[in-house]
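The points below may be followed with the structure open alongside.

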Amino acid sequence: MASHIVGYPRMGPKRELKFALESFWDQKSSAEDLQKVAAELRSSIWKQMADAGTKYIPSNTFAYYDQVLDTTAMLGAVPPRYGWNGGEIEFDVYFSMARGNASVPAMEMTKWFDTNYHYIVPELGPDVKFSYSSHKAVKEYQEAKALGVDTVPVFVGPVSYLLLSKPAKGVEKSFSLLSLLDKILPVYKEVIAELKAAGASWIQFDEPTLVMDLDAHQLQAFTQAYSELEASCSGLNVIVETYFADVPAEAFKTLISLKGVTGFGFDLVRGTKTLHLIKGGFPTGKYLFAGLVDGRNIWANDLAASLSVLQELESIVGKDKLVVSTSCSLLHTAVDLVNEPKLDQEIKSWLAFAAQKVVEVNALAKALAGNKDEAFFSANTAAQASRKSSPRVTNEAVQKAAAALRGSDHRRATDVSTRLDAQQKKLKLPVLPTTTIGSFPQTMNLRRNRREYKAKKISEEEYVKSIKEEINKVVKLQEELDIDVLVHGEPERNDMVEYFGEQLSGFAFTANGWVQSYGSRCVKPPIIYGDVSRPKPMTVFWSTMAQSMTDRPMKGMLTGPVTILNWSFVRNDQPRFETCYQIALAIKDEVEDLEKAGITVIQIDEAALREGLPLRKSEHAFYLDWAVHSFRITNCGVQDTTQIHTHMCYSNFNDIIHSIINMDADVITIENSRSDEKLLSVFREGVKYGAGIGPGVYDIHSPRIPSTEEIADRINKMLAVLETNILWVNPDCGLKTRKYTEVKPALKNMVAAAKLLRTELASAK
């Protein structure tokens with residue numbers, strides 16, 4: 001009975017990689033310094049897995065930025081704008097693709113399936129010359145081997161790589177990415193040959209796109225790819241790994257018939273229907289990598305339940321062919337509970353982070369082989385029972401209030417055009433009003449103040465004074481820049497979800513439960529363990545303070561229920577929508593308190609609405625129905641004159657535009673600049689949008705400062721498809737991660753562009 005881990009977090013237990021990367025990017029340390037930190041992290045991860053008894057230990061799941069970008073580097077698929085002339089791809093080209101540089105923008109970044117991780121989207125076309133240009137996978141295999149650990153090198157599989165790519169600028173949108181399969185397979189063959197020569201005996205191809213809705217042509221590509229690789233892989237054991245959902249019946253048939261594949265990995269946490277397919281017929285003599293330990297949440301595994309599933313599977317595939325695994329890479333969970341000394345002991349007993357999940361996988365493998373650790377299993381059973389019966393999990397009043405929501409669809413009393421008229425009479429905004437998304441740069445000073453206040457090193461009075469000064473500075477800056485609708489800059493907030501979770505009941509927080517979002521950026525998701533309610537107002541104090549500093553409208557800033565849900569580790573003992581409705585009621589209380597306090601513009605961010613969308617179309621309608629309903633619950637009680645904004649980032653919205661309209665917000669600001677204005681195409685295709693809309697006019701994820709002309713050009717593109725009277729001008733996203741030296745000139749140019757176009761529009765009349 002063997003054990004396997006699909007992949008492991010790379011940031012390190014205390015975010016060592018994050019700090020090493022940022023130091024390197026700021027030119028405070030050398031490439032060698034960065035490589036040293038990375039090598040130490042890899043070595044400790046491999047040793048940890050080996051010490052726990054793991055048989056199949058992954059390598060090449062480490063990345064300096066992203067595993068898809070690593071594949072792009074391996075294939076030499078560098079877009080021409082980065083001026084790469086062949087040879088081994090080094091940090092300069094690699095990080096330019098990820099982050100842009102002084103002269104060219106970064107490649108597009110988008111969500112990795114339905115997770116909060118982002119990958120760098122390959123830009124491909126018929127003219128790309130693929131060549132083996134990064135030997136990272138082989139180097140890491142050899143590095144582990146030198147430490148005495150024989151690993152399984154892991155790759156993004158060739159078909160998933162192409163299906164996750166996009167046609168490069170200038171390439172026909174209809175270009176078939178799969179037509180490049182014959183061009184990339186020779187590179188995969190070269191890597192495989194090198195790994196064989198280095199002594200590898202197993203290799204893993206991640207093909208997560210197999211859980212998507214694929215057509216016959218796409219499924220055929222898998223058959224073609226693995227037939228083509230079969231000869232190169234002879235003498236190697238090949239795992240094809242899937243995750244994040246059920247594998248549909250047709251895809252399952254294709255998968256288990258692939259040539260030259262030794263074993264198949266399945267997510268049996270989110271893919272419960274896959275179990276029926278396995279029971280209905282699994283190929284004799286093949287390995288089954290059973291993903292029963294959840295790679296996407298932090299709850300301890302119900303070991304007894306998992307063991308009984310494994311025993312059932314054992315009777316189908318045989319003892320020597322069943323491998324216990326994680327449901328997906330542990331990249332999507334926190335690193336190690338050991339670093340949580342302050343976490344409540346009872347709640348802690350209910351949890352397992354990546355390091356604990358490695359132990360769980362191995363405990364299950366040993367139990368199945370007849371070496372059950374009775375003490376470990378009985379402690380697990382006790383923790384499961386304590387979680388079910390704990391009084392801190394259930395709040396009767398919240399349960400009742402959420403149940404009472406079912407009868408209504410919670411719409412505002414009048415339609416959006418009537419409301420916008422009423423709001424304009426009150427707000428008196430110019431045409432093409434300017435605003436920002438919410439956060440302003442968070443300086444070292446500011447972060448230190450928050451930390452010291454939390455650690456009780458400074459008094460509440462000192463803390464409030466320092467935050468008030470910061471808000472005042474941000475308000476004055478926006479007035480100087482002549483921005484129309486202001487924000488307070490959120491200096492009191494660490495994170496847009498954590499800040500609210502800390503003030504809601506039913507949430508727990510970690511000190512080091514960081515999870516990689518993209519590059520060096522990590523998030524620390526709260527843990528929702530019980531029923532959610534709002535004991536007292538959360539933002540009214542700061543919003544009213546900020547409004548008192550200016551005559552211009554000041555936005556109240558809230559995070560919406562769906563985003564709080566999707567960016568938290570959510571309890572797995574009730575349906576997600578029930579938890580979401582509870583959060584919506586808490587936010588509704590806050591919206592109404594802000595309105596009573598005189599705040600006339602309230603933004604309820606739903607940055608993560610799109611990312612919660614199930615991977616399969618058949619499940620979209622149900623999710624969108626409760627997600628959009630949750631948003632409407634938050635603001636259904638406000639007056640017509642109160643303007644409700646929402647913000648969404650990073651998304652391909654074209655397929656859910658009708659749900660966005662159905663949210664019935666007065667104004668929506670939306671990430672747009674980094675995805676080549678894909679968003680605008682939906683309006684070109686004739687979708688009528690009557691509410692206010694602000695597609696981002698510049699990319700805040702890059703340090704580049706756009707010129708006035710460039711921004712004006714972007715706004716003109718928007719005016720070609722959107723009515724003048726509904727268009728807003730704003731950046732793509734919050735400015736928290738940028739420096740003031742970047743923010744000031746960028747916003748100055750943004751306001752100048754809006755004014756330039758107002759003048760042009762007025763003279764055209």
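This is a predicted model: local features need pLDDT of at least 70, side-chain atom pairs count only at pLDDT 80 or more; totals for chains, interfaces and linings use all residues.

How are α3 and α4 oriented relative to each other?

1. Helix α3 spans residues 67–75 and helix α4 spans residues 91–99. Their axes come within 11 Å and cross at roughly 130°. Angles over 145 degrees would count as roughly antiparallel and those from 65 to 115 as roughly perpendicular; α3 and α4 are therefore oblique to each other. The crossing of the two helices is right-handed.

2. On the α3 side, the contact with α4 is made by Leu69, Asp70, Thr72 and Ala73. Helix α4 contributes Tyr94, Met97 and Ala98. By class, the residues of this contact comprise 5 nonpolar, 1 polar and 1 charged.

3. A second pair of helices is formed by α11 (residues 303–317) and α14 (residues 374–389), which pack at an angle of about 115° with their axes 9 Å apart. Here Leu303, Ala304 and Leu307 of α11 meet Phe376, Phe377 and Asn380 of α14. The contact of α11 with α14 has 5 nonpolar residues, 1 polar residue and no charged residue.

4. Turning to the strands, the model contains an open sheet of 3 strands in the order β13-β16-β18, with mixed pairing. Strands of a sheet pair through backbone hydrogen bonds, in either a parallel or an antiparallel sense. The edge strands are β13 (505–508) and β18 (569–570), each of which pairs on one side only.

5. Between β13 and β16 (residues 527–533) the pairing is antiparallel and extends over 3 bridges.

6. The final point concerns aromatic rings. A pair of such rings is described by the distance of the centres and the angle of the planes. The count for the model comes to 32 aromatic pairs. In one of them, the rings of tyrosine 463 and tryptophan 542 have centres 6.4 Å apart and planes at 90°, so this pair is edge-to-face.

7. Which parts of the chain does the pair of tyrosine 463 and tryptophan 542 link? Tyrosine 463 lies in helix α18 (residues 460–481) and tryptophan 542 in helix α20 (residues 540–547). These are distant parts of the chain, with the two residues 79 residues apart.

Conventions
Residues are numbered from 1 along each chain as its sequence is written. Side-chain values use heavy atoms; hydrogens and water are left out. Axes are lines fitted to C-alpha atoms, for helices over the stretch in contact, and angles run from 0 to 180 degrees between N-to-C directions. Helices (H or I, at least four residues) and strands (E, at least two) are DSSP runs, numbered from the N terminus. Angles under 35 degrees count as roughly parallel, over 145 as roughly antiparallel, 65 to 115 as roughly perpendicular and the rest as oblique. A crossing is left-handed if the near helix is turned anticlockwise from the far one by less than a right angle, and right-handed if clockwise. Contact means heavy atoms within 4.5 Å. Ala, Val, Leu, Ile, Met, Phe, Trp, Tyr, Cys and Pro count as nonpolar, Asp, Glu, Lys and Arg as charged, and the others, Gly among them, as polar. Two strands pair if DSSP finds at least two bridges between them. Rings of Phe, Tyr and Trp (its six-membered ring) pair if their centres lie within 6.5 Å; planes under 30 degrees apart count as stacked, over 60 as edge-to-face and the rest as tilted.
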